[in-house]
Amino acid sequence: MARNEDRESPMSPKLQKVVDRARKDPNARLYSLASLIDEAALKRAHDRIRKDAAVGVDGVTKERYGQQLDQNIHELHERLKAGRYRHQPIRRVHIPKAPGKTRPIGISCIEDKIVQGALTEVLQAIYEQDFAEESYGFRPGRSAHDALRAVDAMVHHEGAEWILEADIQAFFDSVDRAKLLEMLRIRVADESFIRLVGKCLHVGVLDGEEFSRPDEGTAQGSIISPMLGNVYLHYVLDMWFEQVIAPRLSAKARLVRYADDFVMGFVNREDAEVALMMLQQRMADFGLTLHPDKTRLVKFGRPDRNDPGGKGPATIDFLGFTLFWRRTLRGGWALGMKTRKARLQRALKAIGEFCRSHRHDSLKEQHASLTRRLQGHFNYFGVNGNMRALGYLTHHAERVWHKWLCRRSQRGRLTWERFRERLKLFPLPEPSIRVRIWAT
C-alpha cells in the first residue's frame, strides 16, 4: 500500500505558478515564496505525515496534534508570519547499520515536521524543474530501482568499461550550511523563505541526555533533509559533472545518483582516473570527504565470451545490491544483482532480534509483524535474479521463529511437525520477484 508521505496532494494554483515560472526560465530568481506557506500548505504537510510517525522532544503525537488541528495550524501560521516560529531541538536516535555500527537519525517534533513539509513542497516545485535526469533519490515518480536500471543500461548498452564507485562519508552531517543557503539563493530571492529554511538547519540536537548545537550538516531523517541534500549535490556534483567533467573526457561518461549514493561509468580508464582526481578535490572544496575504503575504480566491462571460467570481473555495490556479470541461458553475459552481503546479514539479524524480543506475543501478532518485515524486504530486494537471497531470508525466518517459539515455555518443546502445522495457519510470505530491472 502507498504510504501517507508518498501520496501526492493536489497542487495549489499559486504553487503551480512557481512550477511554470521555474520551468520556463531556468535562470529566474523567485520571489514571494514565504507567502506560499499558508494554512492550506501547512495542512497538506500535516496530512503527509505518517500516522505512526515518531515523536520529537515534546512527546506530541500526530493524533494528539490533530485533535485541535485547525487551531494549532492557525497559531503556527501566525507565528510564522510574525517571525516568532522557533524550531525545537531534534531528538537523535541511533539505528543499527552494520555490525558494530549505527546510523544517527534526527526526529523532529510534529509541528516542525509540518513546517519542513511545507518548505519541501515549495522547494520541490522549483527544483524538480532543475534536477538532472540521472538524479533518482527522493523525487516523485523515481525510485532506487530506476537508478539500478540506469546502471544496467550504462554497462550493458552504453559500453561503460570502468565504474567509479563512490561513497561520501557522513554526507548529511558534513553539508556546509552557509554554502547550501547560497545555493538556494541562486533560485530563491525571498530572504524570509531562506531564513525559515535556516531555522530548520540551525537547531540543537538532543542525544540521550547530551545536548549539542552542530555547526554543520542537516539532520538525517528530517523531512526537509533529502530535498536539501539533493540541492547541495545538484550543484556540487550533478551540474559539475555535466558542465566541467564530461566536456574534458575523450568518450561518453555517465553519472547515476540516488541521494548521496552514486556511481560514474566511463568507456576508458584514463577518463575515469581524471574524474576521480578532480572529484576528490571537488568534494574537499565543499566540506565533503570520499570514504577511502569504499571509493574505488573498478574494471567492470563485459567479460570475454571465451572466458573458460566464466568468473567475469570484480563486483560493484550500489543501493544495497551487489552487481556482477552473469551468464545467460544462451551463453552471453548480462548484469546480475543480488542482495549485498552486509544488507542480508542485517536483515537476518533484525528478524532474529524481533523473534527473540516478541516471543511472548500471540502467534497472530508475531505473524503479522514478520509478514510486514518480509514483504517490505521483498518489495525492495525482489528483483529478477535475486531469488536465492530472498529464499535464504525466508528459510532463516522460519528457523529462527521456531527457535524462539520453543523458548517461550519450559513445558514442552515445539516440534517441527507441530510448527509446520502452525505455518499452515500462519504462513510466511513466499519470496517472489516484485520488480524487473531488465527484460527476461
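## Strands and the hairpin

Two strands are said to pair if DSSP finds at least two bridges between them, where helices (H or I, at least four residues) and strands (E, at least two) are DSSP runs, numbered from the N terminus. This is a predicted model, in which local features need pLDDT of at least 70 and side-chain atom pairs count only at pLDDT 80 or more, while totals for chains, interfaces and linings use all residues. Residues are numbered from 1 along each chain as its sequence is written, and side-chain values use heavy atoms, with hydrogens and water left out.

Strands β6 and β7 form a hairpin with two residues between them. The two strands, β6 and β7 (residues 261-266), run antiparallel and are joined by six bridges; within this pairing, L255 has M264 of β7 as its bridge partner. Strand β6 (residues 253-258) is mostly covered, since six of its six residues are buried, where buried means under 20% relative accessible area, exposed over 50%, and partly exposed in between (1.4 Å probe, protein chains only). A253, L255 and R257 point one way from β6, R254, V256 and Y258 point the other way, and all are buried.

## Positive phi angles

A259 lies in the loop between β6 and β7, and this residue has a positive phi of about 55° although it is not a glycine. Because its relative accessibility is 10%, A259 counts as buried. Elsewhere, S32 is placed in the loop between α1 (13-24) and α2 (39-48), and S32, a residue other than glycine, has a positive phi near 55°.

Helix α1 packs with helix α5 (residues 110-127) at an angle of about 30°, and their axes are 7 Å apart; here axes are lines fitted to C-alpha atoms, for helices over the stretch in contact, and angles run from 0 to 180 degrees between N-to-C directions. Helix α1 is therefore roughly parallel to α5, given that angles under 35 degrees count as roughly parallel, over 145 as roughly antiparallel, 65 to 115 as roughly perpendicular and the rest as oblique. The contact (heavy atoms within 4.5 Å) is made by L15, V18, V19 and A22 of α1 together with E121, V122, A125 and I126 of α5.

## Two buried polar residues

S222 has its place in the loop between β5 (210-212) and α10 (225-248), and S222 counts as buried because its relative accessibility is 7%. Its side chain is joined to that of S225 by a polar contact of 2.5 Å, a polar contact being a pair of N or O atoms within 3.5 Å; within protein, one must be able to donate a hydrogen and the other to accept it, and residues adjacent in sequence count only if both atoms are side-chain atoms. Not counting residues up to four places away in sequence, S222 touches G106, S108 and Q116.

E398 is found in helix α14 (residues 387-406) and, at 18% relative accessibility, counts as buried. The side chains of E398 and R420 are joined by a polar contact of 3.2 Å. Leaving aside neighbours within four places in sequence, E398 is in contact with W416, F419, R420, L423 and L428.

## Cysteines

How many disulfides are there? If a disulfide is taken as a pair of cysteine sulfur atoms within 2.5 Å, the count comes to zero. The sulfur of C109 is too far for a bond, because the closest cysteine sulfur, in C200, is 12 Å away. C355 is likewise in no disulfide, and the nearest cysteine sulfur, that of C406, is 12 Å away. C109 is buried, with a relative accessible area of 0%, and C355 is buried with a relative accessible area of 0%.
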